[in-house]
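Subject: Structure handover

Hello,

Here is the structure you will be taking over. My notes on what was found in it follow below.

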Amino acid sequence: MTRTRTNRRFMEFEPVIGLEIHARIATKTKMFCRCDNVIFDAKPNTHVCEICMGFPGMLPLTNEDAVKKGIKAALALGCEIKEFSRFDRKSYFYPDLPKGFQISQYDRPISENGKIGNGDTKVIRVKRLHLEDDAGKLTHAGNSTLVDFNRAGTPLMEIVSEADMSSVEEASQYARQIQRIVRYVGASDADMEKGMMRFDINVSLRPKGERKFGIRSECKNLNSFRSLERALEYEIARQTEVLKSGGTVIQETLGWDDEKGVTISQRSKEEAADYRYFPEPDIPPLVITKAMVEELRKEIPELPEAKAARYQSQLGLPVNDARQLAESQELAGYFEKALDVSGSAKKTANWILVELVALLNMKGHAISDCKLSPQNLGRLVRLIEEGAITGKIAKEIFAELYEGNLDPEKLIEKKGIKVMGDSGELEKVCKEVVGRNPQSVADFKAGKEKALGALVGQVMAATKSSANPKMVNEILRKLLA
Ligand SMILES: [Zn+2]
């Protein structure tokens, strides 16, 4: 015993992490009744009926749209869709569960065996995606507890990973990937501030190099990426401490106290048998034909990872730009429309990710609220590329363009902004600058490239930045040749 203790103290442990992600399916109505599924900010207990309140004798009816969206998410996660699946009752008592059971899928889920990730990101296997309904919500207020049944019966998909992650960062990346994917296919808005996505984590430690899993703890209902990361860090540190001091990790279910930053033991872990799963007798099994699956597969857009890879390989964008643009379908769509007009991928990406994003952040606008059309942004980039205006001027007029969604060509005409093209005018300024700076000229002729930059700077200053720097460069090189 003492020996084990000493050995463990110097042992290196590695975490083994699995995630269960619950995401609210973006439907008009709940999973098994016609109540409104858009419940955020609604007055408590206003979106309820006999079915989602679990009145005796009521018959649930499966929401077809929820099933279709669940299938689309499953396909995007690379899962196989099962031709035959069914719903089960998961029995437990809780005050926010009026039926006394949750309707879920136990041993016959709608989909299994997926994976996400590619060469760039670690491949994480998705064990299954199944459909279920949600419970209501309890609010503890002083000595009493209030219950709101608006959430009871709202449609969920639960995405269960294999325990393939071995660091906080991998788990966090995986969770973010899942969020992007379910949003891309329109299966869930996955808005965590509105409680549309939550995480359960399970963590165990094992000595580095060991293949056998250790005893795991489960931490439930994490509702932000930040709390997911913090809870994982905490659990890894706590279990390391327990193991290093010669103790044993207990298999248990934990809660996360976000304020104190600690996990709290809630109960020892239930086994599946505790839930007395049995087939839901009121709902016919789901039969999904191959034809239905292929129809739905057609509706799946290019997914974020594939899109980012394409932006890199076809458009030559740097990896970070490509990933940022592919982050949401709206942003990627905006970029592609702007690019159609501008013709320059790199410049367009830059203008969107730097200038536009900064302006949107300042105004608190999402890309979906963006006032400037992608076409007008594309026109602006094209004007800069053609040398009709300088980048500096473009930045100066950008806020005005944005506010009025203006055509930049018309605005610069109206403002009388003139760019010195390759007119004699610009050449005249260049000649003057050359004449005034014999030292720089001599330096450049002696092979110092930097000296040219100084001359370009002087020309830009003399023209109040209205000259096209590329053109100034060319003229100066000609004059100095
Ligand atoms: Zn209802």
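Strand 1 and strand 11 (residues 197-207) run antiparallel and are joined by 11 bridges; strands here are DSSP runs of E with at least two residues, numbered from the N terminus, and two strands pair if DSSP finds at least two bridges between them. This is a predicted model, in which local features need pLDDT of at least 70 and side-chain atom pairs count only at pLDDT 80 or more, while totals for chains, interfaces and linings use all residues. Residues are numbered from 1 along each chain as its sequence is written, and side-chain values use heavy atoms, with hydrogens and water left out.

Strand 1 also runs antiparallel to strand 10 (residues 155-161), with 5 bridges between them. Glu20 stands opposite Asp200 in strand 11, and its bridge partner in strand 10 is Val160. Of the 12 residues in strand 1 (residues 13-24), 11 are buried (under 20% relative accessible area; exposed is over 50% and partly exposed in between, with a 1.4 Å probe and protein chains only).

There is also a zinc ion. Its protein donors (N, O and S atoms within 2.8 Å of the metal, or 3.2 Å for Na, K and Ca) are the SG atoms of Cys33, Cys35, Cys49 and Cys52, lying 2.3 Å from the ion. Their spacing in sequence is C-x1-C-x13-C-x2-C. Cys49 and Cys52 are buried.

Asn113, in strand 6 (residues 111-116), has a positive phi of about 60 degrees although it is not a glycine. Asn221, in strand 12 (residues 217-222), has a positive phi near 60 degrees.

Regards

Notes:
Helices (H or I, at least four residues) and strands (E, at least two) are DSSP runs, numbered from the N terminus.
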